[in-house]
Amino acid sequence: MRFAAKLTAAIVLLLSVTLSLGGAWTITQNFTSALDSAARQYSAQQRRERFALETALEQAGGDTTADLLTAADRYARELRAAYGGDFAPFALMDDFGTTFYSVMSDTVSYSDRWRAVQAGENSFCCAEAGQQRFLLLASPLAGQQRALWLINAYDITALFSERDRQLREFLLLECTALVLAGAAAAAVSIFLTRPLRVLEAASRRVSEGDYDVCCALDTNDELGALGESFDAMTSAVRAQIDALHTETERQKRFVASFTHELKTPMTSILGYADLLRSGAQPPERRQRAANHIYHEASRLEQLSHPLMQLLGLEHGGVALHPAPLAAVIGDVRRSLPELPVQLTVECPPDAAVLADRALLSTLIRNLVLNAAASKPRDGTVKIFCERKDGGWQIAVRDTGCGIAAEDLEKVLEPFYRVDPSRTRQNGGNGLGLTLCSEIAQAHGGTLRLESTPGQGTTAYIWLKGAGE
C-alpha cells in the first residue's frame, strides 16, 4: 500500500471517527434533552390526572375494592368522553405488585408497570410495545387506606422517530462528507507525497547505477532538505566513483607500463643466457653476452628500488623528525659524485623541516637527476630554500629543454616519460617524479612543477618547518 493511500486512509478514518463521535454525542444530547423535557411535561400532566382520580375516589366514599374499581372505571369513561381515544392509559397497583385496575390492556407489559413503581415517584422509565415507545410515570395516590400507585403510559414514539430520522440524515451527511473529504485527502496526499515519489524514483535510478540523477526539489520543508541531502550524496558518490575509476585506470596503466618495463630486460637476459647455455662461445661473444645480462639486471635493480619505496610509502607511515636542510642537501651532494652538471645551493643555515632525512634526500636527489637529464644550457642545477606560509619551500631549477604543458600534468604518473628514448638511454624508468610526489605527500607537503619548453623547469616542494 503506497504512502499516499495510507495517508488518505488515515485522514478519512480520523474524520470518520471524529464525525461519528461528534454526531452521536450531539444526537444523544438532543434526544436526552427532549426526553427530559417530555418527562417534565408529562409529570405535570400526571399530577393533574392523579388529583382528578383522587377526587373521584374521594367522591365515591367507599373503601372497598368494588368502590375503588367503580370510581376508577367512572374516571376512565370520563377521560374517554373528554379525549376520545387520545388519552394516556393508566393502571392502579399496590406495593406488592397487584394490579387492581388497568386500561392499558397489552399496550404496556406487567413487568414494565412494576418497574415504574419500583423506580419511584420522581423517576421515569421507558417501555417498548411493538413500534410504539412509552414514558411510564408512577406516583402514589393520597387518601387511601392501602398504598396504591397510579401508573400512566405516555406515548413518546415521536421522540424516538425524530431521533432515528436525525441518525439517518446524519449518516447520509457523514457518508457524503467522507466521500468528498476522501477525494480531497487523496488529491492533497498525492501532492504532498510527490517529493517522496521523486526521491523514490531517483533512488531506484541510483541503485541501477545512474549517479547523474538530481532531485531538484523546490520545497521549503524537511522534504526539500532531504532532497538537497540526497543530491549532495549522489554528487559525493559520483565524485568517489569518478575518482575510483581514475585510480583504476591509473593502476591499469601502471601495471601495463610495469609489465612493459620488465619485458624488455627480461627478454634480453633470457636471450643472452640461452646463448651462453647453447655451448662454447668465442670469448668476445661470451663477454658481450655477459655485459648485456649485467646491464639489463642492473636496470631491473634500479627499477625495483623506487618500486619498493613507493610500496613502503603506501603501506606504512613516515616518522618525521627535525632535519636541517643544509645537511640533507649535503647528503644529496655526496650521493652524486659524478653529476654531469654543476650544483649550486642557496639555503639559510637555520633552515630545518620536519621530515624523514633519508626520504627527503631521495626526493631532492631525484629532482636534481631529472634537472641534470634535461641538459641545462648553462650547465647548472640550482637549489633554493626560502620561508613560505609557516614552512620552507625548496626549489630545484634548471635551464634545460623544459616540459610541454600537455605533459606537465602527466609526468607525475608512474612510468610516464616525456621523451622515452632519451630517458631510457639515460637509465630513467619513469618512476622518479612519481616517487618524489609520494614522498612530498607523505610529509604533508606538495610537489609542484613549473616549466616552459626551451627555457627550463622548476620543481617546488613545500614542507612544514621544524620549529613551527
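In the predicted model, residue E386 lies opposite Q393 of strand β10. Strand β10, which spans residues 391–397, is joined by seven bridges to strand β9, residues 380–388, and the two strands run antiparallel. Both belong to an open sheet of five strands, arranged in the order β7-β9-β10-β12-β11 and with mixed pairing. The edge positions are taken by β7 (342–346) and β11 (446–452), each of which has a single partner strand, so that one side of each is left without a neighbour in the sheet. From one strand to the next, the twist averages 15 degrees.

Two helices pack on this sheet. Helix α8 touches β7, β9 and β10, and its direction makes about 175 degrees with that of β7. Helix α9, for its part, touches β7, β9, β10, β11 and β12 (456–464), with a direction that makes about 135 degrees with that of β9.

The helices also pack against each other: α8 (residues 325–335) and α9 (residues 357–373) meet at an angle of about 55 degrees, and their axes are 9 Å apart. Because of this angle, α8 is classed as oblique to α9, and the crossing of the two is right-handed. On the side of α8 the contact is made by L325, A327, V328, I329, D331, V332 and S335, while α9 contributes R357, L360, S361, I364, R365 and V368. By residue class, the contact of α8 with α9 comprises eight nonpolar, two polar and three charged residues.

Terms used. Residues numbered from 1 in each chain as written. Predicted model: local features only at pLDDT ≥ 70, side-chain atom pairs only at ≥ 80, totals over all residues. Heavy atoms only, no water. Axes fitted to C-alpha atoms, helices over the stretch in contact; angles between N-to-C directions. Helix = DSSP H or I, 4+ residues; strand = E, 2+ residues; numbered from the N terminus. Parallel < 35°, antiparallel > 145°, perpendicular 65-115°, else oblique. Left-handed = near helix turned anticlockwise from the far one by under 90°. Contact = heavy atoms within 4.5 Å. Nonpolar A, V, L, I, M, F, W, Y, C, P; charged D, E, K, R; others polar. Pairing = 2+ DSSP bridges.
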